[in-house]
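Please read them with the structure open.

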Amino acid sequence: MSASDSRRTIRVDALARVEGEGALLVRLRDGRVTDVQLRIYEPPRFFEALLRGRLYSEAPDITARICGICPVAYQMSAVHALEAALGVVVDAPTRALRRLLYCGEWIESHVLHVAMLHAPDFLGYESALHMVPEHRDLVELALAMKKTGNDLVALVGGREIHPINVRVGGFYKVPEKRALRALVERLERAREGARRLVALVGGFSFPEFEADYEFVALRHPDEYPMNQGRLTSSRGLDAAVSDYEEHFVEEHAPHSNALQSILRRRGAYHVGPLARYSLNFDRLSEGARDAARSAGLGPVCRNPFRSIVVRSVETLFAIEEALRLIGEYEPPDHPQARVEVHAGTGHGCTEAPRGLLYHRYQLDANGLILAAKIVPPTAQNQRSIEDDLRQLVPQSLDLPDDKLQWRCEQAIRNYDPCISCATHFLKLTLERT
Amino acid sequence: MSLLVIGVGNRDRGDDGAGREVARRLREQGVVGARVTECRGDAAELLEALSGADRVIVVDAALSGAHPGTVLRIEAHQEPLPQALRSASSHGWGVAEAVELARALGRLPQSVVVYAIEGPCFHPGPDLSPAVRQAVERVTRRVRQEIERTPGPRRAGADVA
């Protein structure tokens, strides 16, 4: 079917290079988009139900299994929520160590997406494997950087995948100064690598596209947000994490297994690197800001295709931050704060690589979980992804079907969607009638 | 000569956990002369693991339409992995991609043997199908025989990664 026909149908049965499984349907009539549905068909995760009746201390390890790419994020949101429920406050060295662990996860997750999953879209390859003959340097660079992130997670978290060292109140065991110092040289090399990565992806060509998102991210008085901060948005939201559910609600879309999050009375919103960056540019390190400017980014970025550049800038930031934290590291006097069990409810929000991750737990007097709620970033971005496609497809109708399909897939990958976390994804169907 | 056995899969997705179960049994029984490790199936992680030994045995689940419990043994250092094995990972980036990427980058170990266990059910939950449980038993035995046949220094006790 050609682009000039009034009816067009494009079908993709499995969208590659996203984490999980799902489908997309786009219907067009006379050049107008009549329907966009992100369909999520992986069976829903039953983690919220699974957590009921379990002891509070099990939640960080159980929820870490929701995702193999960002287990630290699940552990971090879980411990913050549970500590809020139990009135536990961790000391400054423990807090710093958590941030260091999170840096490791940002590095490995971002580098994987930027170089191995998203870059092929911009360079015109089917996959990273096909990039090797002409872009071997990029692939090797990414693998080395990712390994450094993995090793940081393994050192602080106990192992690479599904770290086991995180607990409510702190850590089971804290690393020795010497062990962390041993990573410095490799992190310095990774920092050089990240600068190259920012420059390289900054040179890609990007579709002319901007969206009027309501960005939502944490904002902290003096840090680029990871573990703590207030819920803020580009349209004036400024709320405590404990008020999350007053502002955000989940709706069931009939075409999807995943619940879709919306901002009450306003609708779709956007979480993730673009939102974090645009709301917190002033909190980035000077090195990261300079790299961003050199790569052509302003302090706010509304072109989702440029998220690949923002992710690279955040990678550079995470490496610089890890170096700073290691330089200042003093092992905590006590690996874990004292935890006294009582009934209560607590909320936690942290910045997963893909965006805001919310947890809520209600505990009984013995510390058993009565109710749990988990809202992953991809569930929050689902509406935003659909809106992007609604805006993008009419602008791209002159493209032949295969190119239009490619563009749609690329637009979805802008979000680095973790569909296994959100429950779920991708097939792509484009119908033109 | 170092030998590494990697069990790949997700224990929370039914038969996808077959490779992990083989690794678990090998460790439980004790292995001499090989390291045994488990991995969820992330290609970058696997690629790293592949670089860590001279000879590697990978055990993974497959969804190719074959009879449940069917076991394929592929010498991946000699031939590309069949297309059918590329869809078993829900992450779209699994064992086949890692092996091919290692080949393209010239990082393939001297020997890579892949055991693929056909599983009919990848739904959430820890249970293996009966046919897959039997296949796991067979593959555990065969991998043990391969370890015993592999030349190289024998270390005492299991080297558990």
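1. Read along the sequence, chain B runs β-α-β-α-β-β-α-β-α-β. That pattern holds four helices and six strands, where helices (H or I, at least four residues) and strands (E, at least two) are DSSP runs numbered from the N terminus. The model is predicted: local features need pLDDT of at least 70 and side-chain atom pairs count only at pLDDT 80 or more, while totals for chains, interfaces and linings use all residues. Residues are numbered from 1 along each chain as its sequence is written, and chains are lettered from A and ligands numbered from 1 in the order in which they are written.

2. Of the 161 residues of chain B, 49% count as buried. A residue is buried if 20 or more other C-beta atoms lie within 10 Å of its own, exposed if 12 or fewer, and partly exposed in between, with C-beta atoms placed from the backbone. Among contacts in chain B between residues at least 6 apart in sequence, 79% join residues at least 24 apart; a contact means that the two C-beta atoms, placed from the backbone, lie within 7 Å.

3. The largest nonpolar core has 148 residues. A nonpolar core is a set of buried Ala, Val, Leu, Ile, Met, Phe, Trp, Tyr and Cys residues joined through C-beta atoms within 7 Å. Helix H4 (residues 92-123) of chain A gives the largest share of this core, 14 residues. Leu82(A), Val313(A) and Ile117(B) have the most contacts inside the core. Leaving out residues up to four places away in sequence, Ile117(B) touches residues including Ala18(B), Val71(B) and Val139(B). Another core, of 15 residues, lies apart and has Leu24(A), Leu28(A), Leu38(A) and Cys408(A) among them.

4. How do helix H5 (residues 128-157) of chain A and helix H3 (residues 95-104) of chain B pack? Their axes are 9 Å apart, at an angle of about 10°. Axes here are lines fitted to C-alpha atoms, for helices over the stretch in contact, and angles run from 0 to 180 degrees between N-to-C directions. H5(A) is therefore roughly parallel to H3(B), a label for angles under 35 degrees. Ala128(A), Leu129(A) and Val132(A) of H5(A) meet Glu97(B), Glu100(B), Leu101(B) and Ala104(B) of H3(B).

5. In chain A, an open sheet of three strands has the order E6-E7-E8, with antiparallel pairing; strands pair if DSSP finds at least two bridges between them. Strands E6 (216-219) and E8 (238-239) of chain A are at the edges with a single partner strand each, so one side of each has no neighbour in the sheet. Strand E7 (residues 230-233) of chain A pairs with E8(A) over two bridges, and Leu231(A) stands opposite Ala239(A). Helix H9 (residues 273-280) of chain A packs on the sheet, touching E6 and E7 of chain A.

6. Most residues other than glycine have a negative phi. Arg265(A) has a positive phi, near 65°, and is exposed, with 7 other C-beta atoms within 10 Å. Asp416(A) also has a positive phi, near 45°, but is buried, with 28 C-beta neighbours inside 10 Å. Asp416(A) is in the loop between helix H13 (401-413) and helix H14 (419-422) of chain A.

Technical notes:
Angles under 35 degrees count as roughly parallel, over 145 as roughly antiparallel, 65 to 115 as roughly perpendicular and the rest as oblique.
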